[in-house]
Amino acid sequence: DAAKRLAELVESNDPERAISLYQTAIDAGDIDACSKLARLVYKDDRERAIELCEKAVAPGDTDDGAFVLGWLHEKDSPEKAKGFYQLCINNKNCLYNAPNNLGLLVQDDNPERAKKLFQMSIDAGDPYYATNNLGKLIEEEDSKKALSLYRLSAEAGNKAAFLNYSLLAEQNHLDGGKAEIEAIIEKCPEGKRNEFGVIIMTRNR
């Protein structure tokens, strides 16, 4: 546990040391360190990352380990990814990200389910991805609500939402649409996120 806590402290500045410390924690029986180590090694060793997360999920981790497994399997095995994201949701874990990611995987075949999933992530506090994704899905049926969602996402720093907002405002002949989006850009926070959608830094411009 001490090794894991130290790894968390040094991870951003010394990832190699963090990798060693997380492995020490795992060797000492700290299963929670598995998914943390997986996040650091997946780019160089995807198979090791999967094995680490599977080790975490085996004794019942339905939180971080299951979420990272879902993310790692999205491209090569989307059905597996859906299962892991659903596991998170069923156990009320990772609700900020898992419903949104699952929504993206099911939106083509089941848009109504996707809407509910995006809303679930929004309700859990995601102003960035899910708001933009839900806006895109409902744009044709409810442009007013879509504009509102795009604005929320843009104000959270999502650059794709800036474009979606301005295009939809222009299509609906809204006065001041371009000026308004420029004002949003000026005051929005800039968030850096890793590939898992986790905010690692936020500041005001």
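**Aromatic pairs, core and helix packing**

At 22% relative accessibility, W71 counts as partly exposed, a class that sits between buried (under 20% relative accessible area) and exposed (over 50%), using a 1.4 Å probe and protein chains only. The model is predicted, so local features need pLDDT of at least 70 and side-chain atom pairs count only at pLDDT 80 or more, while totals for chains, interfaces and linings use all residues. Residues are numbered from 1 along each chain as its sequence is written, and side-chain values use heavy atoms, with hydrogens and water left out.

On to the rings. The structure holds three aromatic pairs, where rings of Phe, Tyr and Trp (its six-membered ring) pair if their centres lie within 6.5 Å, with planes under 30 degrees apart called stacked, over 60 edge-to-face and the rest tilted. One of them joins Y42 and W71: with ring centres 5.2 Å apart and planes at 80°, the pair is edge-to-face. Y42 sits in the loop between α3 (33-41) and α4 (46-57), whereas W71 belongs to helix α5 (residues 64-73), so this pair ties together parts that are 29 residues apart in sequence. Helices here are DSSP runs (H or I, at least four residues), numbered from the N terminus.

F67 and Y85 form another pair, and it comes out as tilted because the centres are 5.6 Å apart and the planes stand at 50°. F67 comes from helix α5 and Y85 from helix α6 (residues 78-90), so the pair ties together parts 18 residues apart in sequence.

A98 is part of helix α7 (residues 98-106) and is buried, at 0% relative accessibility. Setting aside residues up to four places away in sequence, A98 touches F67, Y85, C88, I89 and N93, contact meaning heavy atoms within 4.5 Å. The C-alpha atoms of A98 and F67 are 6.6 Å from each other, although the two residues are 31 apart along the chain.

Most residues other than glycine have a negative phi. K92, which lies in that loop, has a positive phi of about 55° although it is not a glycine. C94, found in the loop between α6 and α7 as well, also has a positive phi, near 55°. K92 is exposed, with a relative accessible area of 66%.

As for the helices, the buried residues of α3 are A33, C34, S35, L37, A38 and V41. They pack against α1 (2-10), α2 (15-27), α4 and α5. Helix α9 (residues 129-138) is largely enclosed by the rest of the structure, because seven of its ten residues are buried. Those residues are A130, T131, N132, N133, L134, G135 and I138, and their cover includes α7, α8 (111-123), α10 (143-155) and α11 (159-171).

Conventions
Helix = DSSP H or I, 4+ residues; strand = E, 2+ residues; numbered from the N terminus.
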